[in-house]
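Hi everyone, thanks for making time.

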Amino acid sequence: MKQYPNVFLFDHPLIKHKVSILRDKHTSMKEFRELIEEIATVMTYESMKDVELVPVGVETPLEKTVGYRVKEESIVIVPILRAGLGMVNGVHRVLPTAHVGHIGMYRDETTLEPQEYYCKLPDGIADKTVYLVDPMLATGGSACDAIAALKKRGVKKIKFMAVIGAPEGVAKVAEAYPDVSVYVSTLDRCLNDNGYILPGLGDAGDRLFGTK
Ligand code: PRP
Ligand code: URA
């Protein structure tokens, strides 16, 4: 795949280990859900290297010094429903007071076109940094539409996080939105004729929530 300055791929042994278990069709719903959360936590650490800090006074047992606090009130987590919900707890582990917005999208199974069915975002969203999360970045249609929905509401800073990305989808988002940082834990080979990622992990929503 072409390299994009706004795309960040992970090359971390822990992620390779956890994603391999996620892929396994024998992995239970409970373990799948726990792994998605854990990977989201690791990804959040990595994606926060440029996070805004506020200086704060700290009194150690020995003296007064200056410490730092993450400006958590400026961050909103937005999962793309349904499967993005599986990543929220993982991000909250790092940013426990971040507010959460929701965007509902489903892919029409014949056209593969995303359809928006829900959007509820916290007040003042335009001035926040949005962590948009979805485990799967396949054709890129859902991510592009969710980004467009956020931009329509004035959001200027967006970080998109996906656990698994197909080259086609990563390129689509990176090219359509060069101002959006795209974090992908694992880049897979390609899409099949039904728009599923190969080797992938199947349908993330179904595996998270026990549906078919
Ligand atoms: C999955 C996934 C993404 C989308 C990715 O959701 O969670 O949102 O597909 O595919 P794309 O990149 O080709 O748009 P799905 O549409 O299956 O909805 P669901 O989570 O509600 O099952
Ligand atoms: N959505 C999924 O859940 N899995 C895929 O492989 C592609 C889209």
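Look at ligand 2: an oxygen atom of this ligand is 2.8 Å from a polar backbone atom of Ala204. That's what I'll call a polar contact, meaning a pair of N or O atoms within 3.5 Å; within protein, one must be able to donate a hydrogen and the other to accept it, and residues adjacent in sequence count only if both atoms are side-chain atoms. Taken alone, ligand 2 exposes 240 Å², and the protein buries 89% of that. Those accessible areas come from the Shrake-Rupley method with a 1.4 Å probe, and for residues only the protein chains shown count as cover.

Quick housekeeping: this is a predicted model, where local features need pLDDT of at least 70 and side-chain atom pairs count only at pLDDT 80 or more, while totals for chains, interfaces and linings use all residues. Residues are numbered from 1 along each chain as its sequence is written, chains are lettered from A and ligands numbered from 1 in the order in which they are written, and side-chain values use heavy atoms, with hydrogens and water left out.

Back to ligand 2. What else touches it through the backbone? An oxygen atom of ligand 2 is 2.8 Å from a polar backbone atom of Ile197, and a nitrogen atom of ligand 2 is 2.8 Å from one in Gly202. The surrounding residues include Arg107, Met136, Tyr196 and Asp203; to count as near, a residue needs a heavy atom within 4 Å. By class, that shell has five nonpolar, two polar and two charged residues. Here Ala, Val, Leu, Ile, Met, Phe, Trp, Tyr, Cys and Pro count as nonpolar, Asp, Glu, Lys and Arg as charged, and the others, Gly among them, as polar.

Now ligand 1. Which residues come nearest to ligand 1? Of the 13 around it, those are Arg82, Arg107, Asp134, Thr139 and Ser142. Oxygen atoms of ligand 1 lie 2.8 Å from a side-chain N or O atom of Arg82, 2.8 Å from a backbone N or O atom of Gly140, and 2.6 Å from a polar side-chain atom of Ser142. On its own ligand 1 has 500 Å² of accessible area, and the protein covers 90% of it. Two or more shell residues each come from β6 (102–107), β9 (136–137) and α4 (141–152), with β6 giving the largest share, three residues. Helices (H or I, at least four residues) and strands (E, at least two) are DSSP runs, numbered from the N terminus.

Arg82 sits in the loop between β4 (75–81) and α3 (85–94), and the peptide bond from Leu81 to Arg82 is cis, with omega near 0°. Leu198 and Pro199 are joined by a cis bond too. Most residues other than glycine have a negative phi, and most peptide bonds are trans. Leu112, not a glycine, has a positive phi of about 65°, and lies in the loop between β6 and β7 (114–120).

Last stop, charges. How many salt bridges does a search of the whole structure find? The search gives 13, each a side-chain nitrogen of Lys or Arg within 4 Å of a carboxyl oxygen of Asp or Glu. In one, Lys157 and Asp50 meet at 3.9 Å, N to O. That pair links distant parts of the chain, 107 residues apart: Lys157 is in strand β10 (residues 157–165), Asp50 in the loop between α2 (29–47) and β2 (53–59).
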